[in-house]
Each structure stands twice: as structure tokens, then as C-alpha cells.
Amino acid sequence: MHENQISPSEWEVMRVVWTTHPITSKEINDSLKAKKEWKLATTKTLIGRLVKKGMLSTEQKGRKYEYSPVVSEKESIDEAIDDLLNQMCTTKVGQTIETILEKSTVSMSDLERLEALIQEKKVNAPEKVKCGCTPGQCSCVHQGGKNDGDEIVSD
Ligand SMILES: [Zn+2]
């Protein structure tokens, strides 16, 4: 788990800063005007939290403060994915990825990359995914239980 998880509102601010930086609080607020009816004070509060969390750096330019991202958008998305996946039994990850794909609109080129990745994954995929859960946190049978060895496909 990452201590500095960012809230949905903070993500809105980060997306503006990832797109344009350095940027002032007023410029961030103006960018979000069409989507969020936040007062400047609200945006400033969110910015303050993001600075505290180490997500934004701040630099004084004359009488104004300008903000820049410390962590990239890609890194932040990857961390959010890690946090999500670490919250579930490893045996549920495949199903979760399936759900994400089902719910998503993806381009032909995205699908082609996914297809290539699936082929690559198939080379070393285990017959069954091992569960590393604390007993009591999932319904897998732990230590040599009955669910070992079903669904065996001979090659
Ligand atoms: Zn489990």
C-alpha cells in the first residue's frame, strides 16, 4: 500500500498539472471550471494536500506560487493499479482484468497489443495461480487442500 494515495478530487488537480506545468493555483482552478465548480480556496486546499503528499513541488515566482508534478502520471497510475491488485486474492486478478476489459472501450491497436501480450503470457502461465492470502481472507483452500490439481489440462 502507498501511504500517499490520492483522492478522486486530487486526481482532477493532478491531471491538470501533468498536462501543463509549471502552473499557478488560479490556472488550475480555471482549467477545472467547466468540470468542477470549485472555489479557488477549494482548489488551493487540494493543492496543499498534494504538496504535503509529495505529489507536487512548489516554486515561488514573484508574488505567485507555481506548481509542478513530482511523480509522473504513468507512475501514479501504476501505483493505483498495484494498490488495487494488492487488495485481492491473487486468484481473482485474472477475473478482475477481464472485468476491466469488458467495461472498457479500447482501440484496435490496444487490442492487438493485448493479444500479443496474452500470447507471450501463455508461454509461462501456471496451470493455477497460487494464493498468498492470510487464511480467513479468501475462500481458497490453503496448504494442500482439495482445490489443488483440479482443472488439469494435459499437454
Ligand atoms: Zn486467496
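**Metal site and overall fold**

Analyst: The model is a predicted one. The 4 donor atoms around the zinc ion subtend angles of 97 to 122 degrees, so the arrangement is tetrahedral.

User: Which protein atoms are the donors of the zinc ion, and how far from it do they lie?
Analyst: The donors are the SG atoms of Cys89, Cys131, Cys133 and Cys138, and they lie 2.2 to 2.3 Å from the zinc ion.

User: What spacing do these donors follow along the chain?
Analyst: The spacing of the zinc donors is C-x41-C-x1-C-x4-C.

User: Is Cys133 buried or exposed? And what about Cys131?
Analyst: Cys133 has a relative accessible area of 18%, and because the cut-off for buried is under 20%, Cys133 counts as buried. Cys131 has a relative accessible area of 24%, so Cys131 is classed as partly exposed.

User: Changing topic: how many helices and strands does the chain have?
Analyst: There are 6 helices and 2 strands in the chain. Read along the sequence, their pattern is α-α-α-β-β-α-α-α.

User: And what share of the residues is buried?
Analyst: The chain has 155 residues, of which 23% count as buried.

User: Last one: what share of the contacts joins residues at least 24 apart?
Analyst: Taking contacts in the chain between residues at least 6 apart in sequence, 52% join residues at least 24 apart.

Notes
Residues numbered from 1 in each chain as written. Predicted model: local features only at pLDDT ≥ 70, side-chain atom pairs only at ≥ 80, totals over all residues. Heavy atoms only, no water. Donors = N, O, S within 2.8 Å, 3.2 Å for Na, K, Ca; no water. Tetrahedral: all angles 85-135°; square planar, octahedral: opposite > 155°, others 65-115°. Buried < 20%, exposed > 50% of the residue type's maximum accessible area, 1.4 Å probe, protein only. Helix = DSSP H or I, 4+ residues; strand = E, 2+ residues; numbered from the N terminus. Contact = heavy atoms within 4.5 Å.
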